[in-house]
Amino acid sequence: MPPIISVKGVTKTYASGQVALKSVDLDIREREIFALLGPNGAGKTTLISIICGIVNASGGTITVDGHDIVRDYRRARAIIGLVPQELSTEMFETVWATVSFSRGLFGKRKNPAYVEKVLRDLSLWDKKDARIMTLSGGMKRRVLIAKALAHEPRILFLDEPTAGVDVALRKDMWAAVRSLREGGVTVILTTHYIEEAEEMADRVGVIAKGELILVQEKAELMRKLGRKQLTLDLQKPLAEIPPALAAHTLELAPDGSALIFTYDTQAERTGITALLNDMREAGIGFKDLATSQSSLEDIFVDLVRKSG
């Protein structure tokens, strides 16, 4: 099945000379939740703004469901819903009016039943007659999602959707996004919340300094999360790892006081028993041990550091 979004060699250099994107290649599959992770200023918002036709690319091509976003802008844009970072909506309008108006902007006929469904799905139905100005920040963000869904898009972009939203509401919004995916919507979200990507995404992309440095199935990342480290505090410092232990994946602490063994918890054998046997035969004793597990955040931070 061809990708619903295909990004090929996209670059962006602003008039100031700032390079925001460096030859980005990315394919998004239909009906997936794709999380684009990156620190502030990495290029996340620039990339989705280009795909949505808000910002012009300096180079490269993008197709949305086979439609070139430049040559066939209207058909490409009609497929897309965008929820921006900023809470920008008409404060004196009611929830019902602002969502219905957004539907009309895309030339869609009135469909009160559909608008009602969107509002109910986002737990906004009881606020349909409330003015936007009276809503909490979290509810306003839900209204932005409703506006983006009003014209029945097949693709939904969420730019930092839970920024400034409390934990309870964040989880409610995650549930709403999963429901959209189940209804056939492809969801692309940008975030710097690691747990958001870990909770929701099918695949994860990591962008840093305008470069896409990783695109991977979340399941594969979770496999990496299964890697643990065993730290053995030695009775006597070592100057180097002895040849008798060369078969094991070991690092020596900078001061030689500990051996660090990396192993896979999901493997049939961890190799810990063999390591301890080899240490005993080599006459290397330890006085304490501790285990630690990487998180998705550790992997993310490491990747960003390496990209620098």
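Helices α5 and α6 run roughly parallel to each other. Keep in mind that this is a predicted model.

Let me put numbers on that pair. α5 covers residues 137-149, and α6 covers residues 167-182. They pack at an angle of about 10 degrees. Why call that roughly parallel? Because angles under 35 degrees count as such, α5 and α6 qualify. Their axes sit 11 Å apart. The crossing of α5 past α6 is right-handed.

Now, which residues in α5 and α6 meet? On the α5 side, we have G138, M139, R141, R142, I145 and L149. On the α6 side, they meet L169, D172, M173 and L180. By type, the residues of this contact split into 6 nonpolar, 3 charged and 1 polar.

Next, the chain as a whole. How many helices and strands does the chain have? The secondary structure comes to 10 helices and 14 strands.

On to overall dimensions. The C-alpha atoms fill a box of roughly 80 × 45 × 40 Å along the principal axes. The radius of gyration of the chain is 25 Å. For 308 residues, a compact globule would come out near 19 Å.

What about burial? Of the 308 residues in the chain, 44% are buried.

Last item, contacts along the sequence.

To recap the helix pair: α5 and α6 pack at about 10 degrees, with a right-handed crossing and 6 nonpolar residues in their contact.

Note on methods. Residues numbered from 1 in each chain as written. Predicted model: local features only at pLDDT ≥ 70, side-chain atom pairs only at ≥ 80, totals over all residues. Heavy atoms only, no water. Axes fitted to C-alpha atoms, helices over the stretch in contact; angles between N-to-C directions. Helix = DSSP H or I, 4+ residues; strand = E, 2+ residues; numbered from the N terminus. Parallel < 35°, antiparallel > 145°, perpendicular 65-115°, else oblique. Left-handed = near helix turned anticlockwise from the far one by under 90°. Contact = heavy atoms within 4.5 Å. Nonpolar A, V, L, I, M, F, W, Y, C, P; charged D, E, K, R; others polar. Rg over C-alpha atoms; globule rule 2.2 N^0.38 Å. Buried < 20%, exposed > 50% of the residue type's maximum accessible area, 1.4 Å probe, protein only.
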